[in-house]
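Please consider the packing of helices in the structure shown below.

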Amino acid sequence: MTLRQFEYAIAVAEAGSVTAAAEALRVAQPSVSQQIRGLERELGVTLFSRTPAGLVPTAVGRAFLRDAEVAVRAARRAEATARGGAEELEGELVVAAQMGLGTRQLPGALSALRRRYPRLEITVFEEANPADLERLARRGVVDLGLIGGVCEEGLYEGHHLGDEEFVVVLGPEHARLAEERVELREVAREPWIRFDQGSALDGVLRDVLRDNGLAPTTVARVSQTATAVRWAAHGLGVTLLPASAVPPGFEHLTRPVLPAVSMPTVAAVRPGAGVAEMTLLEFLRQESWSYTGFPGNGSGTVHNWVMPPSTTNSVPVV
């Protein structure tokens, strides 16, 4: 078996046909067909089934593809490490972030990385569910991850970047916008825009509500932070999310909450990481993680919303 066969099988699974896979790989269709047939003969199994919708991996094919993807990514990381001393770093870097973490900081760090290494390929996953992020990590797919809380020992090494402060987003006519801080109990009876069940952000809100003895009405569940902010801005309800996840133009609708809510942001890096991962880590450290810089009460006054530990409700998300 060869890495080329692995790459061709992955491409067929993603494209759903040999023809589309060949186009994506920029090779002749017969070459892809031959590689897949040779791989199936060598393994003694059928990797794909023909269906009206196209080629679909069989049960054994799905299991094979999971490990094949790990092997291909590991090979690319090895190549990137080998070229680490070169001026033009090449290879692929895979970054994953829990939804809402690093929304403001990650783009700047990635842009700086691309400027330094323009030939480096970067793939970013935003994972709403911590369990999905953990599965990617255990499969060896992720080179660097942004998580809320602590790293599992042995799998990745954790580097604390700072604390993401959470804010409530209110409608433009909401009376509580006149305040610099909003007590959670003051909006307990409001309809709430929440995130998908099982997501890290919904876990934060669930724990905050439970710890403060609140049980508000859920008016909607969404999958994206930008959607939650826009719906809150239209008066559908209120929502709670990291300050850095608020899109530009909506900052005036946000207020910090009491008791304060924050979540430690950790960069999880694979042990023995290469040049690309460590360079990105350094760029992430240069970003601001504990200070939002959002104006409060429309006065133009800038507030540091990070509260002393004794008054902060810290919600680690694993």
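In which helix is the place of F283? This residue belongs to helix α9, which comprises residues 275-286. The model is a predicted one. F283 counts as buried because its relative accessibility is 12%, and the cut-off for burial is under 20%. When neighbours within four places in sequence are set aside, the contacts of F283 are A109, A112, L113 and R116.

Attention now turns to helix α6, residues 130-138, in which P130, L133, L136 and A137 are buried. These residues span an arc of only 120 degrees around the axis, and therefore they lie on the same side of α6. In general, an α-helix has 3.6 residues a turn, so residues three or four places apart point the same way. The elements that cover the buried residues of α6 include the strands β3 (91-98), β4 (120-127) and β5 (144-148), together with helix α7 (200-211). After α6 comes G140, with a positive phi near 80 degrees.

Helix α1 (residues 3-15) packs against helix α3 (residues 29-43) at an angle of about 110 degrees, and their axes are 9 Å apart. Because of this angle, α1 is roughly perpendicular to α3. On the α1 side, the contact involves R4, Q5, Y8, A9 and V12, which meet S31, V32, Q35, I36, G38, L39 and E42 of α3. Classified by residue type, this contact has 6 nonpolar, 4 polar and 2 charged residues.

Conventions:
Residues numbered from 1 in each chain as written. Predicted model: local features only at pLDDT ≥ 70, side-chain atom pairs only at ≥ 80, totals over all residues. Heavy atoms only, no water. Buried < 20%, exposed > 50% of the residue type's maximum accessible area, 1.4 Å probe, protein only. Helix = DSSP H or I, 4+ residues; strand = E, 2+ residues; numbered from the N terminus. Arc of directions from axis to C-beta. Contact = heavy atoms within 4.5 Å. Axes fitted to C-alpha atoms, helices over the stretch in contact; angles between N-to-C directions. Parallel < 35°, antiparallel > 145°, perpendicular 65-115°, else oblique. Nonpolar A, V, L, I, M, F, W, Y, C, P; charged D, E, K, R; others polar.
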